[in-house]
Amino acid sequence: MSLFIVFEGGEGCGKSTQARALYRKLCHQGIPAVFTIEPGGTLLGTRIRKILKNRGSIPITPESELFLFSASRSQLLKEVILPALQAGKIVICDRFISSTIAYQGYGRRLSMTTIERVNDLTIQKLVPDLTILLDIDPEEGLARRRDIYDRFESMDISFHRRVREGYLKMASLDSDRWGIIDASLPRKEIACIIWRKILDLLKESNHSLK
Ligand code: TMP
């Protein structure tokens with residue numbers, strides 16, 4: 001039985017910590033799982049990640065940015081995600097296409113039609129079974145960042161507000177497949193909420209636990 005679980009959210013929401021914690025918990029339960037990130041997760045993706053995140057790097061137009069994220073995603077899909085799902089594993093992905101809709105669509109204001117066309121070409125109809133949105137006020141999220149801001153973190157606050165608005169809209173339009181969690185809650189409490197959601201999904205698919 002395979003499941004595709006995606007973590008989404010704005011800067012400093014804590015999704016990577018929670019995604020990794022869930023991965024460890026599944027492994028501990030003896031459930032075959034794979035953890036991966038976007039952009040990244042492959043040799044090509046890791047190189048693209050550096051180009052996209054590095055603030056002092058080369059000029060990148062919003063359209064090129066869209067294609068770079070999609071190239072990383074396409075590689076990740078074929079190299080990691082699809083083989084793992086076909087092998088019956090649970091795939092936990094730190095970001096997926098909703099990041100593109102939120103950041104390049106709502107944030108950069110690229111045409112949604114263009115984004116949808118590129119996304120359709122990239123993901124070959126793969127839809128996450130569950131997308132967990134760790135929702136945070138952008139000011140609070142950015143304040144959690146102590147290191148130097150990268151190319152996205154250094155965008156102005158209105159950009160981050162639009163990203164959040166985009167996420168909340170997507171989640172409200174597909175509430176069966178999205179779970180919104182208040183990212184300002186204590187870390188352990190968030191982990192418990194996530195685990196309950198995963199248990200429900202596992203029960204639905206008759207997966208037995210240790
Ligand atoms: P993170 O993995 O550390 O959150 O960094 C990834 C950054 O890239 C983050 O600022 C969100 C951004 N991003 C996009 O703008 N579009 C995308 O499609 C993805 C996957 C990430």
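Modeller: Helix α4 (residues 97-107) packs against helix α7 (residues 157-173) at an angle of about 135 degrees, with the two axes 8 Å apart; axes here are lines fitted to C-alpha atoms, for helices over the stretch in contact, and angles run from 0 to 180 degrees between N-to-C directions. That angle makes α4 oblique to α7, given that angles under 35 degrees count as roughly parallel, over 145 as roughly antiparallel, 65 to 115 as roughly perpendicular and the rest as oblique. The crossing of α4 and α7 is right-handed, a term used if the near helix is turned clockwise from the far one by less than a right angle, and left-handed if anticlockwise. Helices (H or I, at least four residues) and strands (E, at least two) are DSSP runs, numbered from the N terminus.

This is a predicted model, in which local features need pLDDT of at least 70 and side-chain atom pairs count only at pLDDT 80 or more, while totals for chains, interfaces and linings use all residues. Residues are numbered from 1 along each chain as its sequence is written, and side-chain values use heavy atoms, with hydrogens and water left out.

On the α4 side, the residues that meet α7 are Ser 98, Ser 99, Ile 101, Ala 102, Tyr 103, Tyr 106 and Gly 107, and on the α7 side they are Phe 159, Arg 162, Val 163, Glu 165, Gly 166, Tyr 167, Lys 169 and Met 170; contact means heavy atoms within 4.5 Å. The residues of this contact divide into eight nonpolar, four polar and three charged, where Ala, Val, Leu, Ile, Met, Phe, Trp, Tyr, Cys and Pro count as nonpolar, Asp, Glu, Lys and Arg as charged, and the others, Gly among them, as polar.

Ser 98 of α4 counts as buried at 10% relative accessibility; buried means under 20% relative accessible area, exposed over 50%, and partly exposed in between (1.4 Å probe, protein chains only). Leaving aside neighbours within four places in sequence, Ser 98 is in contact with Glu 8, Tyr 167, Met 170 and Trp 178. Glu 8 belongs to β1 and is buried on one side of that strand with Phe 4 and Val 6, whereas Leu 3, Ile 5 and Phe 7 are buried on the other. Trp 178 lies in β5, where it is the bridge partner of Thr 131.

These strands belong to an open sheet of five, in the order β2-β3-β1-β4-β5 with parallel pairing; two strands pair if DSSP finds at least two bridges between them. Because β2 and β5 (178-182) stand at the edges with a single partner strand each, one side of each is left without a neighbour in the sheet. The twist averages 20 degrees from one strand to the next. β1 pairs with β3 over five bridges and with β4 over four, and Phe 7 stands opposite Asp 94 in β3 and opposite Ile 132 in β4. Helix α3 (residues 62-86) lies across β1 (3-8), β2 and β3 (90-94), running at about 160 degrees to β2.

In the loop between α4 and α5 (112-123), Arg 109 has a positive phi of about 65 degrees although it is not a glycine, and Arg 109 is exposed, with a relative accessible area of 61%.
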